[in-house]
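Okay, thanks for coming, everyone.

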Amino acid sequence: MAIILANITAIYRRELQSYFRSPLAYAIAGAFWLLAGFFFCAILLGSEGLIQQAAMRDAQGQQMGMPVPPFDLVGEFLRIFLGTMGSLSLFILPILSMGLYAEERKRGTLELLATSPVTNWAVAVGKLLAVLTFYVTLIAPLLLYEAIAFSGASPAVAPGLPIAAHFGLILLAASVLSLGMFVSSLTASTILAAVMTFALVLFLWIMDLVASAIGGPVGAALGHLSLLQHYDSLVKGVVETKSLVLFGSYIFAGIFLTAQSIETFRFQRS
Amino acid sequence: MKKSLSRKTLRQGLFLGSLICISAGLSAGFVVGDWGPLPVFLLALGGALLAIALLTQQNTAELLSRRSTQAGTNAIATTLAVLAILGTVNFVAARYSAKFDVTERQLFTLAPQTQEVVKTLATPVKVWVFDRALGTGDRELLDRYRALNPKAFDYELVDPVENLTQAQAFGAKELGAVFIEKGERRTLLTTLGPTAAGLSEVELTKALAQASSDRTEVVYFLQGHGERPLEGEQGAMATAIAALGDRGFEGKPLSLTDNAQIPDDATIIAIIGPQRPLLPGEVTLLREYSDRGGNLMILLDPQVEPVDAGLGALLTPWGIQPDGRIAIDASPVGQLVGLKPDTPVVTQYGEHPIVADFRQGISYYPVAQPITLTDRPGITATRLLETGDQSWAESDLTASPLRFEADRDLQGPLTLGVALERSPAAEPNAVNPAPSAPPQGRLVAIGNSTFVADGWFDQQLNGDVFLNAIGWLGDRDDSTLSVRPREPENRRITLTALQGNLLALLALAVFPLLGFGSAGVIWWRSR
């Protein structure tokens, strides 16, 4: 048991170090921070942003003599901003996961990895944790911005909703990265891996549209698989065990399929 | 060589053929929408061709014994097994899912009263929505209801354009009609539309609770003093009577001059806009009815001689007195809706089950008078309808321009409607020992009757005021009426200029530059 943990930790550290040494990783971080920062400012601070909207509503209400219906600025902001972040992540995450195995295959180190005493799924878990940590580093500045913005909130922000919402974002990222890791293990071309991952994730994202077109029990089952529906409900503040189980299933499926694909690779002649 | 070539082309042909068959089968199935014999046959044929093509490879036997094939098949079998397990786990999780609503105000959880009503539904109830599509909010609400009691609660969306006969069977007259079906009885709940607010939990629960009680309550409308007729000519309240019918209340006229007796089945007696005073004998009968625990709705228009239409002996023990002056509303809201100053607009409602779900909705009362309220022991009074600050009760309508005169007029905000209840415990002259169910007796008094007339009843919340008041008067148990709508916390963010600039700087400059800068530095170093 301790050996397995040590193995996972070793893979984890190796991957993480390679991220911090890679200019591409920093460039992706810079681009993501620019886009996310832009959305943050536009949604909250901009002239069409939420603070302006709320101020206009209040002014109108005072003018009319009619009380304004209650409006939770923080709740609305989290819903819109994290919804945008979810969509943005759909583009970023395939790029993060594309190199996990495809790079190794391209460089020829995959044979070493596949035949090493470290089990396949331990390698997969280590890589997944590393790329997830990298994603959390990407998200960290956003938490800082939110902390600054929410410090000016009155009445004070209740912790439940922000925690649930960000937890949803992390779960979504973990699911997508896990599936992306599997796709990456199938091919030597990183670009192909990124494109296929993107297509797969897009398909899962819009699954609820497909499901409503099909209808019936098959449609209901497919609709349940939709990432968007469960992510939205988490961001709203509704934590359902079925959503948690679904995300967990995606993560587990990704790791398992990756291990299987590497296992098969072991016995293939290229 | 030739042999293997032709075999190769044959196999390629088989592959191509199988691909064509499979795609033909799939597209036939999807386009027609029905997986009939033809698509299935095509799919089977394609599958068979594919199998033949795969199995007739030259070195099949060799292939099958190779380790990679064994490992591959092993992998596929394990994968299918794991996917099946995951599928089952998710299926079970979807059926038996626990929900935790972590929003501050429990916005996405149904109220305890709703939960009780739905869980204890005696007979199955079905909600029919006749519309092209159901909004996500409404669908979620109905899903939550169904999750509480899937055996007894169900809902269905019917497209009235496609299913015209079904729509007609229900009597659905417009898009967005929502019906509640309980056994044989079908009642119209509300009409959804682009301007309407959508299904509300309060409305739905109230309707469910009402649908559960099968008796029809009778509301008697007093006649003979110029009150609003129940049907026919201008100024009638036919729309209101029809709406009462939908809610399980039957409206009947009552003339106390013909038959000097209050009928036994009178759940509520309503006096709607009398123009002439009542006879003392009638007032005595009504007072006795009220003292016995009867329920009264009294809508009094101003400009009637005398001001209280002779009901003084009835109203004074309750602490009510109509003012007589006309309420004038000078706030901009009325002008925005197209009303004149003599039609006060009410957007502020008291804390009472009748108006609990109105929030900031609008109701208006053409030519109304304020009601003066005095405290009386044993009476619980609640001000229902209040006008805004820019209103007053004008005593002289001929003055031009209309202005508030402190010596003659009453300054707003004015109370246009009150709801009163006689508390059972505080009966001072109870000679008999405490009865098992002390009569309560309720009364709703509003200084205007025009708002329930045809043409005014359907405007904004006017109809709801009337129907909810009748509902409260007739309800023995008002636990369902006290369902309150969920509202989010009213929260604002105020940032100083410093904070705002800091945020923009961090988000748009500092971190992006950090990222790109580090990328540049590392790339330069590793050259």
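Let's start with A:Arg79, which is partly exposed at 40% relative accessibility. By that I mean in between buried, under 20% relative accessible area, and exposed, over 50%, with a 1.4 Å probe and protein chains only. Before I go on, the ground rules: this is a predicted model, where local features need pLDDT of at least 70 and side-chain atom pairs count only at pLDDT 80 or more, while totals for chains, interfaces and linings use all residues. Residues are numbered from 1 along each chain as its sequence is written, chains are lettered from A and ligands numbered from 1 in the order in which they are written, and side-chain values use heavy atoms, with hydrogens and water left out.

So what does A:Arg79 form a salt bridge with? The partner is A:Glu76, and the closest N and O atoms are 3.0 Å apart. For us, a salt bridge is a side-chain nitrogen of Lys or Arg within 4 Å of a carboxyl oxygen of Asp or Glu. A:Glu76 is partly exposed too, at 25%. Both sit in helix α4 of chain A, residues 73-97, and because they are three residues apart, about one helical turn separates them. Helices here are DSSP runs of H or I with at least four residues, strands are runs of E with at least two, and the numbering goes from the N terminus.

Next, helix α5 of chain A, residues 99-107. A:Lys106 and A:Glu103 both lie there, three residues apart, about one turn of the helix. Their side chains meet in a salt bridge at 3.9 Å, N to O, and A:Glu103 is partly exposed at 25%.

Still in chain A, there's a network: A:Arg14, A:Glu15, A:Glu104 and A:Lys127 are linked by salt bridges. Over all chains, the structure holds 18 salt bridges.

Now over to chain B. B:Glu104 and B:Arg491 form a salt bridge, with the closest N and O atoms 2.9 Å apart. B:Glu104 is in the loop between β1 and α5, and B:Arg491 in the loop between α13 and β21, so the pair ties together parts 387 residues apart in sequence. Buried or exposed, what is B:Arg491? Buried, at 2%, whereas B:Glu104 is partly exposed at 38%.

Last, the sheet. Chain B has three strands in an open, antiparallel sheet, ordered β11-β17-β18. Strands count as paired if DSSP finds at least two bridges between them; β11 and β17 have four. In that pair, B:Asp329 stands opposite B:Ser391.
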